[in-house]
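Here is a two-chain model to work through by question and answer.

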Amino acid sequence: MAKPQARSFELTWGDFLPPEAYVGDKAPTARVGARQEPAAVRWLLIGSALAFLVLFLFLPLAAVFHEALKKGWDVYVAAIAEPDALAAIRLTLLAALIAVPLNTVFGVAAAWAIAKFDFRGKNLLTTLIDLPFSVSPVISGLIYVLLFGAQGWLGPWLQEHGLKVIFAVPGIVLATVFVTFPFVARELIPLMQAQGREEEEAAVVLGARGWDLFRRVTLPNIKWGLLYGVILCNARAMGEFGAVSVVSGHIRGSTNTLPLQVEILYNEYQFAAAFAVASLLALLALVTLAVKGIAERRLAS
Amino acid sequence: MSIQVQGVTKTFGEFVALDDVSLDIASGELVALLSPSGSGKTTLLRVIAGLEWPDAGRVLFHGEDATDTHARERRVGFVFQHYALFRHMTVSENVAFGLRVRPRPVRPSEAAIRAKVQDLLELVQLGWLGERYPHQLSGGQRQRIALARALAVEPRVLLLDEPFGALDANVRKQLRRWLRRLHDEVHVTTVFVTHDQDEAMAVADRVVIMNHGRLEQVGTPEQVRAAPATEFVRAFLADDDGDASGIIPSWQPEPSFSSRTAHAMSSGRVPLLG
């Protein structure tokens with residue numbers, strides 16, 4: 001009664017190594033020749049992949065820092081310490097500080113419901129979660145303008161009560177929350193589905209209540225996936241341009257986030273300052289990648 | 001604690017997993033649900049545990065209707081086919097879980113929990129494994145830890161889903177004898193699911209043979225052997241290797257949807273999840 005081995009479809013580094021890498025290792029030497037492509041083909045493929053990476057990923061990143069520091073460290077620091085830039089940093093942090101925890105809670109709740117329970121409308125919910133990914137960010141921004149803007153559905157009521165959403169901080173937060181909504185849920189759903197329900201069922205039979213069940217059984221099993229989702233969510237929250245641009249109104253020192261600030265400075269030919277501010281976002285991306293790498297490794301172990 | 005199953009029917013979409021099943025299990029009895037895979041026995045076990053709701057019929061514990069009682073409140077011990085040990089907890093923490101999640105007023109003290117866990121680990125003869133993690137254990141050890149964890153909450157009923165299904169033949173036979181001895185010692189009403197007739201006959205006081213969601217015959221191993229009630233039972237028992245897995249591969253999950261997905265997923269677990 002043979003139980004089939006769970007087969008692994010995961011690609012390993014070995015799949016990407018040139019065939020020589022197998023010599024004396026896994027594959028018998030005699031077979032290497034059969035697997036080997038002509039040298040020209042190999043170098044062409046590897047070379048073009050490398051060229052692509054350098055051209056589209058590495059060079060732009062290097063250019064950001066080069067341009068930012070071209071006029072010296074003092075100019076760089078001055079550009080970032082400038083009040084409008086500082087205000088943009090504060091607003092970006094604020095938006096992320098609100099959007100990320102909210103979407104973490106929403107995402108975990110949605111993923112938990114979808115992965116661990118059967119209910120009517122599950123497919124609809126899954127589709128809705130993906131909506132922000134499939135809608136252009138500019139459109140999502142416009143929807144908020146239509147809803148909350150001066151001419152929008154709720155505009156008159158908001159004005160009566162002295163509330164300002166569009167061209168103000170609440171609008172930026174709303175747009176950020178919307179755009180970053182799927183990240184945590186999307187990361188967790190497949191993970192939780194793959195883990196199945198047995199551990200939760202075991203916990204329920206042992207008498208665990210909802211919160212204990214989540215805190216002691218579900219959460220520990222998803223924590224690295226959750227961290228991964230939160231990091232991606234945060235990166236997008238801080239970097240979002242389109243949706244935020246529509247609802248922001250670009251009021252300097254008040255409704256400009258970092259990406260908007262970069263655009264304004266660039267349009268005003270303040271290249272050093274623009275790249276200095278941009279370098280902050282680039283740094284954020286690098287930190288994100290590093291933390292993501294760590295989380296991924298823990299997730300795999 | 002006696003168990004009565006009265007007219008239980010359960011369907012999953014078009015599939016009838018249980019078809020008007022009635023069964024009385026006496027207090028302290030050790031009963032085997034025996035049938036080829038896909039005959040609804042795991043579903044019956046899950047209905048008794050409260051993990052599945054019947055479409056019709058009732059489940060009574062000790063004469064009291066438990067059909068609407070949440071699985072959490074039923075005080076059953078359930079040992080899952082793939083054990084479902086909490087992978088991020090040590091063996092001791094796994095066993096202690098049921099005690100730790102009790103509401104504060106009825107939760108034993110830390111010292112009492114620790115003593116109880118040690119007792120249970122001794123009972124399953126694995127007292128020295130407390131600080132290990134599930135992935136560091138062999139299949140047979142995991143099985144016994146799962147049992148200790150289920151016993152920790154002093155269940156009124158112990159339910160085991162293919163308890164030896166995932167183990168190799170030697171360990172299987174050992175654990176079988178061991179389960180019988182354990183039952184004689186603890187004397188908790190026990191129901192286990194198996195597709196292996198040798199196993200059922202060797203361990204159980206009574207055997208319940210199922211086919212396509214219906215009961216074919218209920219009786220002691222001797223009764224069933226001596227007088228098969230239906231053609232199905234006769235053919236099933238005559239099957240030489242005593243293992244119905246020849247009919248349907250035994251690793252196929254039982255036809256309860258949620259457990260089916262869970263099993264399929266846990267057996268085909270993506271390496272990503274370790």
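Q: What pattern does chain A follow, read along the sequence?
A: This is a predicted model, where local features need pLDDT of at least 70, side-chain atom pairs count only at pLDDT 80 or more, and totals for chains, interfaces and linings use all residues. Residues are numbered from 1 along each chain as its sequence is written, while chains are lettered from A and ligands numbered from 1 in the order in which they are written. Helices (H or I, at least four residues) and strands (E, at least two) are DSSP runs, numbered from the N terminus. Chain A has 14 helices and zero strands, and its pattern reads α-α-α-α-α-α-α-α-α-α-α-α-α-α.

Q: What percentage of the residues of chain A count as buried?
A: A residue is buried if 20 or more other C-beta atoms lie within 10 Å of its own, exposed if 12 or fewer, and partly exposed in between, with C-beta atoms placed from the backbone. Chain A has 301 residues. The buried share is 34%.

Q: Among contacts in chain A between residues at least 6 apart in sequence, what percentage join residues at least 24 apart?
A: Two residues are in contact if their C-beta atoms, placed from the backbone, lie within 7 Å. Take the contacts in chain A with residues at least 6 apart in sequence. Those joining residues at least 24 apart come to 74%.

Q: Are α4(A) and α9(A) roughly parallel or roughly antiparallel?
A: Axes are lines fitted to C-alpha atoms, for helices over the stretch in contact, and angles run from 0 to 180 degrees between N-to-C directions. The axes of α4 (residues 83-116) and α9 (residues 182-195) of chain A come within 8 Å and cross at roughly 30°. Angles under 35 degrees count as roughly parallel, over 145 as roughly antiparallel, 65 to 115 as roughly perpendicular and the rest as oblique. Therefore α4(A) and α9(A) are roughly parallel.

Q: How many nonpolar residues are in the contact of α4(A) with α9(A)?
A: Residues of α4(A), including A:Val108, A:Ala111 and A:Trp112, meet residues of α9(A), among them A:Phe183, A:Leu188 and A:Met192. Ala, Val, Leu, Ile, Met, Phe, Trp, Tyr, Cys and Pro count as nonpolar, Asp, Glu, Lys and Arg as charged, and the others, Gly among them, as polar. By class, the contact has four polar residues, one charged, and the nonpolar ones number twelve.

Q: How many strands are there in chain B?
A: Chain B has 274 residues, 45% of them buried. Its helices number nine. Its strands number ten.

Q: Which residue of β4(B) stands opposite B:Gln4?
A: β1 (residues 3-12) and β4 (residues 56-61) of chain B pair in the antiparallel sense over five bridges. Opposite B:Gln4 stands B:Leu60.

Q: How many of the nine residues of helix α1 of chain B are buried?
A: Helix α1 spans residues 41-49 of chain B and is largely enclosed by the rest of the structure. The buried residues include B:Lys41 and B:Arg46. B:Gly50 follows α1(B), with a positive phi near 90°. The buried count in α1(B) is nine.

Q: Which strands of chain B does α4(B) touch?
A: Six strands form an open sheet of mixed pairing, in the order β6-β7-β8-β3-β9-β10. The twist averages 15° from one strand to the next. α4(B) packs on the sheet, its direction making about 170° with that of β6(B), and touches β6 and β7.

Q: Is B:His187 buried or exposed?
A: B:His187 lies in the loop between α5 (169-186) and β8 (189-194) of chain B. Its phi is positive, about 60°, although B:His187 is not a glycine. B:His187 has 12 C-beta neighbours inside 10 Å, so it counts as exposed.

How values were computed
Two strands pair if DSSP finds at least two bridges between them.
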